[in-house]
Amino acid sequence: MSDGNGAGGGDGYAVRAEGLEKRYGEKRALDGFDLTVREGTVHGLLGPNGAGKTTAVRILSTLVRLDGGRATVAGLDVARHPREVRARIGLTGQYAAVDEVLTGRQNLEMFGRLFHLGGKRAKLRATELLAQFDLTDAADKGVGKYSGGMRRRLDLAASMILAPAVLFLDEPTTGLDPRSRGEVWESVRALVAGGTTVLLTTQYLEEADKLASRITVIDQGRAIADDTPDGLKSTVGGDRIEVVVAERADIPRAVKVVARVSDGEPESDETELRVHAPVTDRVSALTEVARILQDEGVRVEDIGLRRPSLDDVFLRLTGHRAAKPGTTEGMEGMEGMEGMEGTGNTGNTEKRAAA
């Protein structure tokens with residue numbers, strides 16, 4: 001891996017990690033984790049709670065020291081050149097690290113001064129970012145009056161003060177309503193269109209599906225899959241017919257009916273009263289199953305065809321469904337407390353790390 005001075009290592013990759021290891025006592029947060037992220041893309045990092053997502057991000061952003069392996073970001077070794085790496089990255093965590101008492105403009109000017117831009121340049125950069133993130137009209141309002149989406153966009157803007165080559169987004173839309181999440185997604189797309197590389201961790205599988213051109217799944221500290229969203233979905237199979245019955249007692253009958261049209265053994269979920277199986281002839285299969293169930297008097301709550309989702313991939317790879325957004329990551333919530341390089345561990349200090 002190169003230690004060049006460009007946005008990447010000269011090979012088209014903005015981030016490279018090989019065999020990363022990190023331990024907290026007896027806990028192995030990372031156990032030989034590998035990752036490559038192409039320049040100018042959004043790369044998703046998915047995994048169960050405690051899988052090592054946040055540990056990986058904090059190592060790559062130089063907030064935590066690695067115990068083994070090697071990583072480069074923007075062509076620089078994170079262990080050997082942490083200060084230089086910080087000058088080329090931005091980092092936004094789960095919660096907006098902006099001051100609610102100040103206005104949006106004052107927040108960005110403050111961050112500009114923290115990054116040693118000087119008063120005049122800080123004001124100019126703040127104006128540019130307010131326009132870029134569609135916050136000009138709210139620039140002189142107190143951030144306490146901003147919506148959740150506006151605060152996150154301001155937080156993203158603060159991460160872009162120095163126009164970093166690589167931006168780490170660690171669950172950036174946690175707790176936001178769908179509209180606010182959509183606003184943040186548009187901002188992320190605009191950043192990538194401008195040449196920024198984004199490494200995104202998220203518990204919203206839809207978010208990864210819509211934003212990421214490639215996804216790495218991590219479990220127990222190791223990468224267990226790496227592909228495009230469509231490539232990952234193809235590992236689960238093609239179209240599936242799905243039936244949700246009204247009564248648990250009707251599940252066996254529904255299984256027999258679905259088996260008549262399916263290309264594989266039907267699966268059932270007694271908790272969700274759901275039966276599903278892969279099918280090739282989609283329309284005729286759906287029509288026949290609906291007719292037979294009606295003829296046999298099986299009450300159906302829902303019936304339809306669907307394509308595999310990232311949730312199906314997650315279930316297949318890890319053995320369980322993704323955690324609900326907003327849940328904690330076990331040991332990972334404590335990771336920032338160890339191995340810090342004088343940067344602090346909360347709030348605005350993550351952004352100040354590059355100063």
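Guide: This is a predicted model. Start with helix α3, residues 104–114, and helix α5, residues 148–159.

Visitor: At what angle do α3 and α5 pack, and how far apart are their axes?

Guide: The angle is about 25 degrees, and the axes are 9 Å apart. Angles under 35 degrees count as roughly parallel, so α3 is roughly parallel to α5.

Visitor: Is the crossing of α3 and α5 left-handed or right-handed?

Guide: α3 passes α5 in a right-handed crossing.

Visitor: Which residues meet there?

Guide: From α3, they are G104, N107, L108 and F111. From α5, they are L154, A157 and A158. By class, the contact of α3 with α5 has five nonpolar residues, two polar and no charged.

Visitor: And α3 with α4? What angle do the axes cross at?

Guide: Roughly 130 degrees, and the axes come within 8 Å. Helix α4 covers residues 119–132. That angle makes α3 and α4 oblique to each other. Their crossing is right-handed.

Visitor: Which residues make the contact of α3 with α4?

Guide: On α3, G104, R105, L108, E109, G112 and R113. On α4, A122, K123, A126, T127, L129 and L130.

Visitor: How does that contact divide by class?

Guide: Between α3 and α4 there are five nonpolar, three polar and four charged residues. The contact of α3 with α5, again, has no charged residues.

Visitor: Switching to α9. Which of its residues are buried?

Guide: I251, A254, V257 and V258, in a helix that runs over residues 251–259.

Visitor: What covers the buried residues of α9?

Guide: The cover includes strands β11 (240–245), β12 (267–269) and β13 (274–278), plus helix α10 (282–295).

Visitor: How do α9 and α10 pack?

Guide: At an angle of about 145 degrees, with axes 9 Å apart. α9 passes α10 in a right-handed crossing. A254, V257 and V258 of α9 meet V289, I292 and L293 of α10. The contact has six nonpolar residues, no polar and no charged.

Visitor: Where are E171 and Q220?

Guide: E171 is in the loop between β7 (166–170) and α6 (178–193). Q220 is in the loop between β9 (214–219) and β10 (222–227).

Visitor: Buried or exposed, for E171 and Q220?

Guide: E171 has 1% relative accessibility, so it counts as buried. Q220 has 64%, so Q220 counts as exposed.

Visitor: How far apart are L310 and D209?

Guide: They are 101 residues apart in sequence and 7.2 Å apart in space, C-alpha to C-alpha.

Visitor: What about A29? Where does A29 lie?

Guide: In strand β2, residues 27–38. A29 is buried, with a relative accessible area of 2%. Its C-alpha is 8.7 Å from that of A56, 27 residues away along the chain.

Visitor: Last, the whole chain. How many helices and strands?

Guide: 12 helices and 14 strands. The chain has 355 residues, and 50% of them are buried. Among contacts with a separation of 6 or more, 71% are between residues 24 or more positions apart.

Conventions. Residues numbered from 1 in each chain as written. Predicted model: local features only at pLDDT ≥ 70, side-chain atom pairs only at ≥ 80, totals over all residues. Heavy atoms only, no water. Axes fitted to C-alpha atoms, helices over the stretch in contact; angles between N-to-C directions. Helix = DSSP H or I, 4+ residues; strand = E, 2+ residues; numbered from the N terminus. Parallel < 35°, antiparallel > 145°, perpendicular 65-115°, else oblique. Left-handed = near helix turned anticlockwise from the far one by under 90°. Contact = heavy atoms within 4.5 Å. Nonpolar A, V, L, I, M, F, W, Y, C, P; charged D, E, K, R; others polar. Buried < 20%, exposed > 50% of the residue type's maximum accessible area, 1.4 Å probe, protein only.
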